[in-house]
Amino acid sequence: MSTKFVNTLPELIQNQIISKDTALRIERYFESKEANTSNKLFVVFGVLGSLLIGSGIILLFAHNWDYLPKMIKTVLAFIPLLIGQLLVGFSIFKKKSQIWKEASGVFLFFGVGAAIALIGQIYNVPGSLEGYLLTWIALCLPLVYLLKSIVLAILHLVFATYYACIVGYFESAQISWMYLVMLVGLLPFYYNVIKNEVASNGFSLLNWLFPLSLTITFGAFLEVSSSILCLIYILFFGLLYNIGQLPYFKILKLRQNGYLAMGSLGVVVTLLLASFYRYWSGDFNYEYYKVSSFYVPILLIILTVVILVYSYIKDSLKPFNLFRYVFVLYLIVFIVNSYYATVGLVLINFLILGLGIATVKVGVDKYHFGILNYGLLVITALISFRFFDTDMSFVIRGLLFITIGVGFFSTNYFMLKKQKSNHNKSLNN
């Protein structure tokens with residue numbers, strides 16, 4: 001498309017639609033845009049090339065590994081590490097492009113992992129998988145800052161999440177505090193990316209991977225009774241949503257703001273699960289038999305309040321957004337449910353309905369079909385879930401689904417019509 005447009009520039013100049021200077025600036029703009037696209041592709045292929053080369057070297061070693069002397073094995077174990085260090089050093093001292101730094105950094109990252117694993121296997125060093133992963137990512141964390149590599153930051157997040165899952169869910173089933181240390185170690189780099197590289201694809205990836213990693217590992221830090229599980233997850237997803245509403249993230253498009261999307265979806269799903277009568281009809285034991293039943297909710301509430309206060313200082317709380325305060329509303333519902341289960345259930349359903357209606361309104365105000373249909377889906381999910389709690393006849397259920405379908409179609413149709421009408425008015429003016 002850009003090439004065709006550039007080719008029409010001489011004709012535009014000839015017909016005196018634009019000047020030669022304007023045409024030159026347009027041509028330079030598209031050239032720089034294509035160069036940036038090429039650089040992104042080179043980064044991707046450079047990283048993939050490093051992974052393939054590293055895998056090939058390991059496979060070559062593995063073919064005759066059992067027949068090699070121990071000294072030869074030791075030397076071979078350090079060769080990928082040495083090559084990776086030389087490539088990284090060459091990239092830094094020769095001031096090579098970021099493509100070189102990303103590719104050499106990835107090669108060295110896996111070279112470190114391979115060396116640790118091979119030395120452990122050669123000399124039968126005792127250890128566990130979680131210990132191996134922690135050593136690996138801790139040793140490679142400085143590389144993220146040395147090379148200013150977003151790819152290495154992503155690898156760090158992925159392997160740190162894997163480590164937390166092994167420690168918290170599988171092997172030892174303990175709280176993985178070192179995961180938090182690894183996460184905090186990456187925050188200064190992430191902050192620098194937020195400040196300086198908002199337009200990059202790496203920034204968007206980190207905005208999704210950070211909340212995704214926290215969501216996956218959050219359960220590993222919980223030792224709570226089922227009675228407050230939904231409460232804690234509402235507080236957690238409410239915190240993510242409010243992070244997504246910070247001034248740094250609020251200006252981003254929805255596809256770049258993983259905190260906002262995952263926080264909103266998490267709140268809705270958790271509320272829908274908590275809206276079933278059978279969840280509240282069990283034998284609830286409010287005895288906090290674990291310390292985390294107390295400090296986790298308090299910590300989440302404090303963090304969310306701090307973010308809200310900061311947003312207020314930065315004048316970022318307007319317009320009113322029901323999702324930002326859902327944790328307070330659910331706390332009220334939770335307390336009411338402790339004494340009057342039926343009243344609490346009704347309030348939960350009204351809360352979900354209110355979130356759906358508020359989302360639809362935001363979609364209509366912004367002429368955003370994605371937000372509009374998301375709000376309609378929330379309302380639809382609420383009505384559908386209530387079918388499992390009631391004894392409605394199939395006729396009534398069928399009529400309700402027809403009504404919902406008509407509502408989807410008519411809302412989208414009228415908004416599209418209104419959008420076209422406003423567009424035509426702006427053209428006429």
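Buried here means under 20% relative accessible area, while exposed is over 50% and partly exposed is in between (1.4 Å probe, protein chains only). Keep in mind that this is a predicted model, where local features need pLDDT of at least 70, side-chain atom pairs count only at pLDDT 80 or more, and totals for chains, interfaces and linings use all residues. Residues are numbered from 1 along each chain as its sequence is written, and side-chain values use heavy atoms, with hydrogens and water left out.

Some numbers for helix 8:

| Feature of helix 8 | Value |
|---|---|
| Length (residues 177-196) | 20 residues |
| First to last C-alpha | 30 Å |
| Kink at Leu187 | about 35° |

The kink comes shortly before Pro188; the bend is the angle between axes fitted to the seven residues ending at a position and the seven starting there.

Over in helix 4 (residues 70-93) sits Ser91. Ser91 counts as buried because its relative accessibility is 0%. Leaving aside residues up to four places away in sequence, Ser91 touches Lys96, Trp100, Lys101 and Ser104.

Now for the cores: a nonpolar core is a set of buried Ala, Val, Leu, Ile, Met, Phe, Trp, Tyr and Cys residues joined through side-chain atoms within 4.5 Å. The largest one has 86 residues, and Leu206, Phe210 and Tyr330 are among those with the most contacts inside it. Helix 7 gives the most to this core, 13 residues. A second, separate core of five residues includes Leu372, Leu376, Ile379 and Met415.

Technical notes
Helix = DSSP H or I, 4+ residues; strand = E, 2+ residues; numbered from the N terminus. Expected span 1.5 Å × (residues − 1). Contact = heavy atoms within 4.5 Å.
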